[in-house]
Amino acid sequence: MVRTPIESAPVPPPSSAHPGTRLSRRAALAAVVALAGGAVVGCTPDRNQRRREAEPAPVEPEGDPDVAVAAEALTNQQQMLDLLAVTGERHGRLAGLLAPVVAAHEAHAALLADAVPEDDSSAGSTTSPSPSPDGQSSPGPSTSPSPSPDSSEDRRTAVPDDPAGALARVVAAERELTTATKRHAFRAQSGAFARILGSMAAGAAQHANVLASAQVGKEASP
Amino acid sequence: MTPQEALQKTLAGEHAAVYLYGVIGGRVSSSSSAELWQRVRDAYALHRGRRDQLMAMVRATEAEPVEAEVSYELPNAAATPAQLQRAALTVEHRCAAVYADLVGNTSGANRQWALDALEDSAVRLLGFGGEPEAFPGIGEL
């Protein structure tokens, strides 16, 4: 094979990456919501992968399994937002550090909320650990070491007294959310939806990393 | 895009990343920019490993892996430490986008591989001065 020098890398810049599946936010949601039509499916997690990957995934006769995935993912995002809110309330000096994290999870939750029909929005609130394709339980935020007291007052008092401890709790929750969201991405039948979930997971990992390296003591000291 | 095409596209991106990190690493001073040098060196080793894994993954689909080009254009002049760091950041951003696409076009073990690579890339680019994003690897969101 004769190879010639090229003038540019074959990896396209993000702005032009993958034009065939470029998605507007609304199109991404439509891909999820309209999944029952089978328009964007084709990546069903399946042991018989090679044979099945070229075929459309089976259309679920009742309910869209990806809507259930979206509902679970939405609940996880809301729990993360709750934790961030009570942590920010308890430790005001962490608020600035947590603000971009809150913004990212609000963006995730907004996207997922649009993908979950009103009737299904409660489905995720019952989150039992989700079965993964290998039959193991999904370590979602429900397995978080942090308790989930009922009242907001209780939740505030559950936040560690020291800012560093409170931040460590957020970091741990972000890491758990990363794992849980990757499992959701693995389960998603829609490739477009899996791509979005995988990106959300990567975003949570970024925030965990940034928060873990934050110098709370130095930054927050008067 | 078929899963095989997505794997080949990712492999092509990995060939580029290995080349570019190699060039960038050769220009970073190990003494005056020791931290950047180490980060680039780590990235180079990691992407070489990924390239080899992808070649095996492509072969598993009974296809011949795409070959590397002879050379690839650097994202910028890559002369000063700041330019070199930005070049590395650009390379990693491109990889994240390719991994995200791979997530969307594969299933099973290949999708899991892509999810792990996307997470790693999103975190790795922070070390090159990148900022956290709501949707790493997805430029249109």
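**Helix packing in a predicted model**

Colleague: Which way does helix 2 of chain B pass helix 3 of chain B, in a left-handed or a right-handed crossing?
Modeller: Helix 2 of chain B goes past helix 3 of chain B in a left-handed crossing. Left-handed is when the near helix is turned anticlockwise from the far one by less than a right angle, and right-handed is when it's clockwise. Helices (H or I, at least four residues) and strands (E, at least two) are DSSP runs, numbered from the N terminus.

Colleague: Which residues make that contact?
Modeller: From helix 2 of chain B you've got B:Leu36, B:His47 and B:Arg50, and helix 3 of chain B brings B:Pro81, B:Leu84, B:Gln85, B:Glu92, B:Cys95 and B:Tyr99. Contact means heavy atoms within 4.5 Å. By class there are five nonpolar, two polar and two charged residues. Ala, Val, Leu, Ile, Met, Phe, Trp, Tyr, Cys and Pro count as nonpolar, Asp, Glu, Lys and Arg as charged, and the others, Gly among them, as polar.

Colleague: What's the angle there?
Modeller: Helix 2 (residues 34-60) of chain B packs on helix 3 of chain B at about 30°, with the axes 11 Å apart. Those two are therefore roughly parallel (under 35 degrees; over 145 is roughly antiparallel, 65 to 115 roughly perpendicular and the rest oblique). Axes are lines fitted to C-alpha atoms, for helices over the stretch in contact, and angles run from 0 to 180 degrees between N-to-C directions.

Colleague: And at what angle do helix 3 and helix 4 of chain B cross?
Modeller: Roughly 155°, and the axes of helix 3 (residues 81-104) and helix 4 (residues 108-124) come within 8 Å. That makes helix 3 of chain B roughly antiparallel to helix 4 of chain B. The residues in that contact include B:Tyr99 and B:Leu102 of helix 3 of chain B, plus B:Trp113 and B:Leu118 of helix 4 of chain B. The contact has eleven nonpolar, one polar and three charged residues.

Colleague: What's the mean pLDDT of chain B?
Modeller: The mean is 97, and 100% of the residues of chain B reach 70 or more; pLDDT is the predictor's confidence in each residue, from 0 to 100. The model scores ipTM 0.96 and pTM 0.78.

Colleague: Switching topic: how many helices are in chain A?
Modeller: Eight, with zero strands. Of the 222 residues in chain A, 45% are buried (under 20% relative accessible area; exposed is over 50%, partly exposed in between, 1.4 Å probe, protein chains only).

How values were computed: Residues numbered from 1 in each chain as written. Chains lettered and ligands numbered in written order. Predicted model: local features only at pLDDT ≥ 70, side-chain atom pairs only at ≥ 80, totals over all residues. Heavy atoms only, no water.
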